[in-house]
Amino acid sequence: MPRQESLELTRRVLKHFENDTLDTVEDEWHEPRAAFVDRDRFDAEVAMLRRVPHFIGWAGEVAAPGQYTTKEVLGIPVLVVRGRDGELRAFVNGCAHRGAQVAAGCGTARMFTCPYHGWTYGTDGRLTGAPARKMFSGALDGRGLTPLPVSERAGLITVGLAPETNVDEALGEAVEPLSQYDFGTRHHAETRRFEIATNWKLAVDVNFEGYHFPYVHADTLDPIASNNSVYDVYGRHNRWAFPFRDLVNLRDVPESDWPDQFFGTVVYGLFPSCVLIEAPASYQMLRVYPGSSPGECVVYITYGSPDPITTDQQREWYRMSMEAVCNVLCNQDFPMAEACQRGLAGGVAEVVFGRNEPMLHHLASVWRQAMAEAAHR
């Protein structure tokens, strides 16, 4: 984390420690149950999500020529690769023959080979080989992987699922604070996929309020973290930061001796459903997408590393770190989101966000705005 950002957040949090407060908003927010259970609303959300840019990884995952990574975005397999010419490209990860995936996981490759019939593609997506080519007459001319819009700004990879999606300006006002991080050199450690029985928006919400810490995280987060939190909004994106309790000890320490990194957790919400979690020696990216119904979603949790992982000791450290993250999210947060979904499906009339949950107000607002814009296209 850049030092100036750390100092700013620390000053603001220390004022909240002094007054036992947190950043709040003026009114409550009421969200109707239809936002979480209605099928028509859900289908409209999926249609909107297919037209907006999605943040799917760190540029450091594909920093060198030939490096590639594969992702799934709203059920669509995506391949992102750094070409030999240094250009970043994205494609539907599907062979131009039958659609089978031509790459899996991440790594470095000179070409991609379909495991079904052996068709091969260069890192620029061009078809370079097809067994029994003469059997297809001229049908292979100009064929290749289906390109997708892709961009890298502030060290983050952004893709569009539709050809007309403008990905270059997706970060908007958030580009400045995010550019100060080291995302361009961030490596991939591990990704895990989870199917959660809750609406996708509820799965995002759990990452942006500390009101629940004493009740859901009594033995994990609450003993070390405080909800004397602060937030900032960058257009459709946001930043929420909550401190570790020991940060209060910096009250009597000169600013020149404060740590370079904020002593707590900084969470960025990148519209529509990407969550970046930055803490000392801990970097995660969560990508949340709707499932097949309003009460289902898919969550990808990726752990990042500032350096390449080359030893068994390093791999074990990151495995244990991922286990700790999954314990908090999958054993504590997500079960609560699933419980909320059951209540809403059972007839609870609405969700109410308090003045102490400002980021949930913001998220609901930008999702609602995006839906309205999509409806008028």
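Colleague: Why is Arg12 called partly exposed?

Modeller: Arg12 has 22% relative accessibility. Buried means under 20% relative accessible area, exposed means over 50%, and partly exposed lies in between (1.4 Å probe, protein chains only). Therefore Arg12 counts as partly exposed. Glu8, at 32%, also counts as partly exposed.

Colleague: What kind of model is this?

Modeller: This is a predicted model, where local features need pLDDT of at least 70 and side-chain atom pairs count only at pLDDT 80 or more, while totals for chains, interfaces and linings use all residues. Residues are numbered from 1 along each chain as its sequence is written, and side-chain values use heavy atoms, with hydrogens and water left out.

Colleague: What makes the contact of Glu8 and Arg12 a salt bridge?

Modeller: A salt bridge is a side-chain nitrogen of Lys or Arg within 4 Å of a carboxyl oxygen of Asp or Glu. For Glu8 and Arg12 the N to O distance is 3.2 Å, so the pair meets the definition. Side chains of opposite charge can pair when their charged atoms come close.

Colleague: Where do Glu8 and Arg12 lie?

Modeller: Both are in helix H1, four residues apart, about one turn of the helix.

Colleague: How do you know that the length of H1 fits a helix?

Modeller: Helices are DSSP runs of H or I with at least four residues, strands are E runs of at least two, and both are numbered from the N terminus. The expected span is 1.5 Å times one less than the number of residues. H1 covers residues 3-19, so its 17 residues should span 24 Å. The end C-alpha atoms are 25 Å apart, which agrees. Just after H1, Asp20 takes a positive phi of about 50 degrees.

Colleague: Which elements do the buried residues of H1 pack against?

Modeller: They pack against helix H4 (175-179) and strands E14 (230-234), E15 (237-243) and E16 (264-270). Leu7, Leu9, Val13 and Phe17 are among these buried residues.

Colleague: What makes Arg39 and Asp43 a salt bridge?

Modeller: Their side chains meet at 3.1 Å, N to O. Both lie in helix H3 (residues 39-49), four residues apart. Arg39 has a relative accessible area of 40%, so it is partly exposed. Asp43, at 35%, is partly exposed as well.

Colleague: How many salt bridges does the structure hold?

Modeller: The structure holds 29. One of them joins Asp85 and Arg89, with the closest N and O atoms 2.7 Å apart.

Colleague: Why are E11 and E12 said to pair?

Modeller: Two strands pair if DSSP finds at least two bridges between them. E11 (residues 150-153) and E12 (residues 156-159) share four bridges, in the antiparallel sense. Glu152 stands opposite Ile157 in E12. Two residues separate the strands of this hairpin, and Ala154 has a positive phi near 55 degrees.

Colleague: What does UniProt list for residues 55-159?

Modeller: An unreviewed entry gives "domain: Rieske". Such annotations may be inferred rather than shown by experiment. This stretch is 0% helix and 43% strand.

Colleague: How do you know what radius of gyration to expect for the protein?

Modeller: The globule rule is 2.2 Å times the number of residues to the power 0.38, and the radius is taken over C-alpha atoms. With 377 residues, a compact globule would come near 21 Å. The protein has 22 Å, which agrees. Of its residues, 54% count as buried.

How values were computed:
Contact means heavy atoms within 4.5 Å.
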